[in-house]
Structures are given as C-alpha cells and as structure tokens.
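Please keep the sequence and the structure in view while reading.

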Amino acid sequence: MINKIVQSMADALAGVKDGSTVLIGGFGKVGQPDALIEALIEQGATDLTCVCNNAGTGRAGLARLMELGRVRKIICSFPRSEGSVVFEDLYKQGKLELEIVPQGTMAERMRAAGAGVPAFYTATSHGTLLARGKEEREFNGKMYVMEHALKGDVALVEAWEGDRWGNLAYRDSGRNFNPVMAMAAEMTIAQVAHLRDLGEIDPEKVHTPGIFVQRVVHFDRGTPWT
Amino acid sequence: MPFNRDQMAARAADDIPEGWVVNLGVGMPTNISNKVPLEREVIFQSENGVLGIGPAPAPGHENPWLINAGKGLITLRPGGSYCHHADSFAMIRGGHIDLCVLGGFEVAENGDLANWATSENDTAPAVGGAMDLGAGAKRLWVLMDHTTKDGRPKLVEACGYPLTALGTVNRIYTNLGVFEVQRGLGFVVLDLAPGVTFEEAQSKSAAKLHRPS
C-alpha cells in the first residue's frame with residue numbers, strides 16, 4: 001500500500017540536509033505552509049537557499065528561520081514589503097545573499113525544472129539590470145533573455161486537501177506558487193488542511209497529481225489570517 | 001483643476017472597452033476596477049492566479065483565501081477562475097492580457113518605463129511582476145502623478161532610474177491629462193484635465209509634448 005501520509009511534523013521534515021534549496025509556497029499568507037516552516041525551524045537544517053515570493057515578514061516563519069542564521073541565500077521577486085524587518089537587517093549586514101527574479105520568471109524557472117527543461121528564453125527583463133550577465137538572443141526580431149531552471153531539493157507547500165497518494169487540491173487563490181514548486185523539487189512535502197480517502201477528491205479537480213508529492217501531513221491551520 | 005486620484009482612475013477606466021482582460025498594478029491602478037461598471041464586462045486578472053475579480057467584498061463577507069497581488073481581500077465574479085502562478089504568468093508573458101496599467105517613476109518618450117528601483121545602488125528593490133507585465137501585455141498604460149512630490153517631471157526624454165521595460169508604454173494617465181506614446185515621435189496630448197493648458201502640461205514635462213495632428 002502506498003501511503004505518503006506522515007503522522008507528525010518531525011516526520012514530515014526528517015532528513016532535510018544542510019545546504020538544501022527549499023522552495024516555499026504561498027503568496028502573502030494564502031497558501032503559505034506555516035506549520036512546515038515552523039517544523040523546518042525545529043528540524044535544524046542550516047545553510048539553506050530559500051525560494052519564496054517574499055523575504056519573510058515580522059519575526060515568525062521564514063523571517064525567524066533567517067533571524068536564526070539558517071538561511072544563506074534568498075531567491076525572490078519581492079524582498080521588501082511591509083514588515084520585512086529581519087531581511088532588511090541581515091541584508092544590510094551582508095549576512096544574506098539575494099537573487100531578485102521577476103515573478104513570472106521565478107514561476108517559469110520552477111515549472112521548467114519540473115518539466116525537465118534546463119533553460120528557456122523570455123522577453124521579461126530584457127535590457128534591465130536583472131538581465132545583466134545573462135545570455136540574450138534575438139528571435140523573430142525581438143530580444144529575449146536566457147533563464148535557467150530552478151530546482152529544489154525540498155518544496156514546502158500548503159493545500160486545502162490531500163490523500164495518501166499525494167494528490168492535492170488547493171483553495172481559491174491558495175494555489176499560487178504551490179503546484180509549480182511541487183513539480184520542481186526532489187522531495188515535496190505538503191501540509192493539508194483536510195485528509196481525504198483515495199478517490200474522494202474528484203479526479204477532475206486534482207490540481208497537483210500525487211506523482212509530484214512525497215509526503216503529506218495533516219494540519220488544520222484555520223483561516224490564513226488567524 | 002487637475003484630476004484628483006479618483007478622477008485619474010475614472011479617466012483611465014473610461015477608455016477600457018468591454019471584453020478586455022486587464023491586469024492592474026498595485027497601488028493607484030487598482031482603483032480603476034472600481035470605476036468600470038459591472039455591466040461593461042471587463043475581466044480583471046491578478047498575478048496570483050485570479051481571473052475575473054469582482055467588486056470589493058462587503059464587510060463580514062470576506063473570503064480569507066481570496067486575495068489580489070496587493071494582498072488585499074477581493075471577490076470572484078461568476079465566470080471567474082483560478083490558476084497557478086506559472087499559468088497566470090503564461091497569460092501575461094504569452095501576450096494574452098489586453099491591457100496592463102502600472103504605476104511609474106518615469107516614462108520616456110520612446111515608451112521606456114522605470115517603476116521598480118530608485119537607483120542602481122538600490123541592491124534589494126522589489127520587482128514583483130512588473131517586468132513580466134511590462135514586457136508581456138498587449139498594451140501598457142501608466143497611471144501616475146505628472147510630477148514628483150517636489151515637482152520633478154516624470155515624463156522625460158530618457159529614464160534616469162533603472163528600467164522596468166523597454167519601449168512598451170502606450171499611454172500615460174496623469175493628474176494633468178492623457179498622453180500617448182507615438183513611436184518615432186514622442187508624447188502626444190490626447191486629453192487635458194479641465195482648466196489645464198497645453199503650456200502648463202509642457203512646463204511640467206521634461207520632454208516635448210505634441211499636439212494631436
């Protein structure tokens with residue numbers, strides 16, 4: 001019997017190695033795997049590269065992981081947002097590497113990694129500071145920038161429901177980065193608000209097929225705003 | 001009287017026809033959706049995978065799982081749908097969005113836009129989806145004040161700030177009027193706010209304005 005469901009947060013994060021690239025889903029508080037981030041803090045892995053749309057806010061979650069000195073590098077599109085105080089401090093002190101990526105390029109780089117595409121060309125960022133040092137090439141009279149696939153060792157995602165084969169379905173705008181991150185990592189760990197029996201999630205409504213998911217842990221977080 | 005913020009949004013909204021799919025940047029442009037009547041079916045898209053944004057939620061009826069790119073709570077209108085980030089940006093980067101309206105620091109007469117970083121030395125500016133939208137939407141409009149708070153023109157011959165997108169701005173809506181970027185010519189005045197003269201708009205711009213032919 002295939003059973004990807006694990007019983008504890010410690011089991012969910014077991015084996016995450018120092019130096020890992022960790023993809024962290026969510027946009028704002030919606031679809032953000034808070035409990036898995038807390039569990040990663042407990043688990044202890046360090047020297048991490050974190051890929052997340054924002055560089056953490058307040059003092060909890062990703063910001064806490066950074067404050068503890070466990071993050072070597074952040075790859076994101078929007079480092080500065082209201083309350084990103086820990087990022088600001090560490091970045092100013094030179095204790096954090098930063099790679100800024102246009103949001104669509106970030107999503108596509110992970111989709112490419114998941115699909116076995118090593119690199120691709122996009123018009124986004126052509127002629128800007130973010131294209132510096134990258135190969136640029138003309139297709140049909142227009143300039144494009146080469147971007148590389150962005151692969152994770154681990155992805156932490158949040159879904160509304162999941163089953164023991166790892167099938168996931170998201171709720172409303174909670175989908176965001178989660179499906180592409182699930183595709184792009186060696187080990188995808190999903191925090192789900194509801195566990196379902198096999199077949200209970202309508203196959204037409206599975207957003208992330210279980211092939212992309214290695215571990216599922218139940219955590220009813222309540223609403224994203226509590 | 002120059003347009004106030006609300007009138008600027010309404011002026012831009014007036015020019016959006018039924019049937020367009022429109023992405024609105026965070027900040028001032030977001031207000032444009034409030035100025036398009038529901039009967040005129042314009043489909044508003046948000047980068048985080050929402051297509052078909054409805055009116056602001058009534059107090060007590062917010063859905064905490066449903067936000068826009070500015071992290072504000074929104075609604076979905078009937079016919080609306082969700083997708084993941086790569087599909088959402090495929091809509092943007094694949095040329096499926098009819099119009100994007102962004103805020104701006106500067107727009108140059110060749111259509112260059114600067115709106116993400118205030119200097120080359122700003123090592124951690126937030127780009128978000130601005131470069132994807134600037135390069136990928138079929139049309140790019142900019143909604144911004146005509147000058148900075150200290151009176152510096154924002155319509156310029158060449159951008160001084162780091163660029164977001166090259167040569168893609170079609171139109172600018174400011175508190176002084178509406179300006180079209182014509183390739184090979186520069187800024188053409190399409191409309192002026194009530195009581196604003198061509199000369200006043202010109203004096204507050206750092207590039208030549210052209211009268212419509």
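## The interface of chains A and B

Between chain B and chain A there are 17 residue pairs in polar contact, both residues at pLDDT 80 or more, where a polar contact is a pair of N or O atoms within 3.5 Å, one able to donate a hydrogen and the other to accept it, and residues adjacent in sequence count only if both atoms are side-chain atoms. By contrast, zero salt bridges are found across this interface, a salt bridge being a side-chain nitrogen of Lys or Arg within 4 Å of a carboxyl oxygen of Asp or Glu.

## How the model is read

This is a predicted model, in which local features need pLDDT of at least 70 and side-chain atom pairs count only at pLDDT 80 or more, while totals for chains, interfaces and linings use all residues. Residues are numbered from 1 along each chain as its sequence is written, chains are lettered from A and ligands numbered from 1 in the order in which they are written, and side-chain values use heavy atoms, with hydrogens and water left out.

## Salt bridges within the chains

Over all chains the structure holds 24 salt bridges. In one of them, the side chains of Glu99(A) and Lys73(A) meet at 3.1 Å, N to O; Glu99(A) lies in strand 5 (residues 97-100) of chain A and Lys73(A) in strand 4 (residues 71-76), 26 residues apart, strands being DSSP runs (E, at least two residues) numbered from the N terminus.

In chain B, Arg171(B) forms a salt bridge with Glu180(B), with the closest N and O atoms 3.0 Å apart, and both belong to a network of salt bridges that also links Arg11(B), Asp15(B) and Asp191(B).

Methods. Helices (H or I, at least four residues) and strands (E, at least two) are DSSP runs, numbered from the N terminus.
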